[in-house]
Amino acid sequence: MNEVEAFTDGACLGNPGPGGWAALLRSHGKERMLSGGEADTTNNRMELLAAIHALETLKRSCQVNLTTDSRYVMQGIEQWVPNWHANGWRTANRKPVKNQDLWQRLLAATKRHQVRWCWVRGHNGHAENERVDQAAREQAKHYLKHGRNEA
């Protein structure tokens, strides 16, 4: 099984506001940077989309070490999603899960791969995290400048 390192991050200028996401994929000494964004979104949605795009881009089943600085993504996928799924996508307080569409998409994307989730403190000098942070911020700035009309 192919081994892939993935580094992901999301950014938002205002919350909600224009946002960006980025994912760096590395395998066999080659790298590929992915990025995108939305004109009106939240930081959590961008963090989720970064992980989703990293996993959905891989065409074959892979062993993926996915590094994120988002505790929301880490705790969500490792702890909360099984309970939400079992409870019909309701929280412990019986409220609808925020970002359910993206959590379901992430859950589906993880099923194709063997994913090891790793957390790193953001803005702490981790080289790959700094790279994806910069790329996500550039996307957010693009959407701040151009809005919905130009991606």
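**Exercise 1. Find which residues of helix H4 are buried, and work out how they are arranged around the helix**.

Step 1. Pick out the buried residues. This is a predicted model, and in H4 the buried ones are Glu128, Asn129, Val132, Asp133, Ala135, Ala136, Ala140 and Tyr143.

Step 2. Recall a bit of helix geometry. An α-helix has 3.6 residues a turn, so residues three or four places apart point the same way.

Step 3. Look down the axis. The buried residues of H4 fall within an arc of 165 degrees, so they line one face of the helix.

Step 4. Turn to the other side. There you'll find Lys141, Leu144 and Lys145, which are exposed.

Step 5. Ask what the buried residues touch. They pack against E1, E2 and strand E3 (30-41).

Step 6. Check the length. H4 has 20 residues and runs 29 Å from first C-alpha to last, close to the 28 Å expected at 1.5 Å a residue. Just past the end of H4, Gly147 has a positive phi of about 65 degrees.

**Exercise 2. Trace the aromatic rings that Trp84 pairs with, and say how each pair is arranged**.

Step 1. Start with the count: the structure has five aromatic pairs.

Step 2. Take Trp84 with Trp89. Their ring centres are 6.5 Å apart and the planes make an angle of 45 degrees, which is a tilted pair. Trp84 and Trp89 are both buried.

Step 3. Now take Trp84 with Trp103. Here the centres are 5.5 Å apart with 65 degrees between the planes; since edge-to-face needs an angle over 60, this pair gets that name: edge-to-face.

Step 4. Trp84 belongs to helix H2 (residues 71-86) and Trp103 to helix H3 (residues 100-111), so the pair links distant parts of the chain, 19 residues apart. Trp103 is buried, as is Trp84.

Step 5. Zoom out. Ring pairs tie Tyr72, Trp80, Trp84, Trp89 and Trp103 into a cluster.

Step 6. The charged end of Arg71 sits over the ring of Trp119, 3.7 Å from the ring centre.

**Exercise 3. Describe the fold as a whole: what is the pattern of elements, and how does the radius of gyration fit a compact globule?**

Step 1. Count the elements: four helices and five strands. Along the sequence they follow the pattern β-β-β-α-β-α-α-β-α.

Step 2. A compact globule of 151 residues would have a radius of gyration near 15 Å, and the protein has 15 Å, which agrees.

Step 3. Get the overall dimensions. The C-alpha trace spans about 40 × 40 × 30 Å along its principal axes.

Step 4. Look at the inside. Buried residues make up 46% of the 151. Of the contacts with a separation of 6 or more, 65% come from residues 24 or more positions apart.

Key:
Residues are numbered from 1 along each chain as its sequence is written. This is a predicted model: local features need pLDDT of at least 70, side-chain atom pairs count only at pLDDT 80 or more; totals for chains, interfaces and linings use all residues. Side-chain values use heavy atoms; hydrogens and water are left out. Rings of Phe, Tyr and Trp (its six-membered ring) pair if their centres lie within 6.5 Å; planes under 30 degrees apart count as stacked, over 60 as edge-to-face and the rest as tilted. Buried means under 20% relative accessible area, exposed over 50%, partly exposed in between (1.4 Å probe, protein chains only). Helices (H or I, at least four residues) and strands (E, at least two) are DSSP runs, numbered from the N terminus. A charge sits over a ring if NZ of Lys or CZ of Arg is within 6 Å of the ring centre and within 35 degrees of the ring normal. The expected span of a helix is 1.5 Å times one less than its number of residues. The arc is that of the directions from the helix axis to the C-beta atoms. Contact means heavy atoms within 4.5 Å. The radius of gyration is taken over C-alpha atoms; the globule rule is 2.2 Å times the number of residues to the power 0.38.
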